[in-house]
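Hi everyone, thanks for coming. Let me put the sequence and the structure on the screen, and then we'll walk through the picture together.

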Amino acid sequence: MFKRTNAPRAHGPALTVTTGGTLNLNVAAFELLGQPEAVNLLYARDERIIGLRPARRDELDAYPVRSSRPGRPPMVSAKAFCEHIGADLTSARRYPLVLDDGIGRVDLKESGTVVTSNRAK
């Protein structure tokens, strides 16, 4: 039997921080946030928690939520943000996303699940 080598699929809302500093939302997380056209990126340094607050695309400091092509997960280009907060970008990691007072929260103190691409390089 062939053993699956990439990480198991998330069963609930999740956000993946990629090695390139992109924040990928799964469908459940995108829907939990209300399918926003953009988000404000927040960070609680002492708690090491990322926050995604739904926003309008034209708001100051809003990061657009987009897909690279149809059928791809919604994502936010956030390399400068990830570098600013000192996020570990050595491997892509998936974290559970929870909604707290309208803000999607991801706890970076958790180790996260390392994810790998299923595409041939």
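Before we start, one word: when I say contact, I mean heavy atoms within 4.5 Å. With that in hand, take L15: leaving out residues up to four places away in sequence, L15 touches L23, N24, L25, L52, R93, R94, Y95, L97 and V106.

A quick note on where this comes from. This is a predicted model, where local features need pLDDT of at least 70 and side-chain atom pairs count only at pLDDT 80 or more, while totals for chains, interfaces and linings use all residues. Residues are numbered from 1 along each chain as its sequence is written, and side-chain values use heavy atoms, with hydrogens and water left out.

Now the strands. Helices (H or I, at least four residues) and strands (E, at least two) are DSSP runs, numbered from the N terminus. Two strands pair if DSSP finds at least two bridges between them.

Let's begin with an open sheet of five strands, in the order β6-β2-β1-β7-β10, with antiparallel pairing. Its edge strands are β6 (75-77) and β10 (113-114), each of which pairs on one side only.

Please look at β1 in that sheet. How many bridges join β1 to strand β7? There are four, and β7 covers residues 93-96, running antiparallel to β1. Across from V17 you find L23 in β2, and the bridge partner of L15 is L25. β1 and β2 make a hairpin with four residues between them, and G21 in the turn has a positive phi of about 85 degrees.

T16 counts as buried because its relative accessibility is 13%. Beyond its neighbours within four places in sequence, T16 is in contact with T22, L23, N24, A92, R93, R94 and V115.

Two bridges hold the antiparallel pair β3 and β5, and A38 stands opposite P64 in β5.

What about the inside? A nonpolar core is a set of buried Ala, Val, Leu, Ile, Met, Phe, Trp, Tyr and Cys residues joined through side-chain atoms within 4.5 Å. The largest one has 22 residues, and those with the most contacts inside it are L15, L23, L25 and L52. At least two residues of this core come from each of β1, β2, α1 (27-32), β3, β4 and α2 (79-85). Which element gives the largest share of this core? That is α2, with three residues.

Most residues other than glycine have a negative phi. R48, however, has a positive phi near 55 degrees, and R48 sits in the loop between β3 (38-44) and β4 (49-55). R48 is partly exposed, at 38% relative accessibility. D101 is not a glycine either, yet has a positive phi of about 55 degrees. You'll find D101 in the loop between β8 (98-100) and β9 (103-107), and D101 is exposed, with a relative accessible area of 76%.

Last stop: charges. A salt bridge is a side-chain nitrogen of Lys or Arg within 4 Å of a carboxyl oxygen of Asp or Glu. How many does a search of the whole structure find? Five. Among them, R93 meets D88 at 4.0 Å, N to O, and D88 is partly exposed at 41%. R105 meets D100 at 3.3 Å, N to O; R105 is partly exposed at 30%, and D100 is partly exposed at 37%. D107 and K109 form another, with their closest N and O atoms 3.2 Å apart. Finally, R56, D58 and E59 are linked in a network of salt bridges.

That's my tour, thank you!

Key:
Buried means under 20% relative accessible area, exposed over 50%, partly exposed in between (1.4 Å probe, protein chains only).
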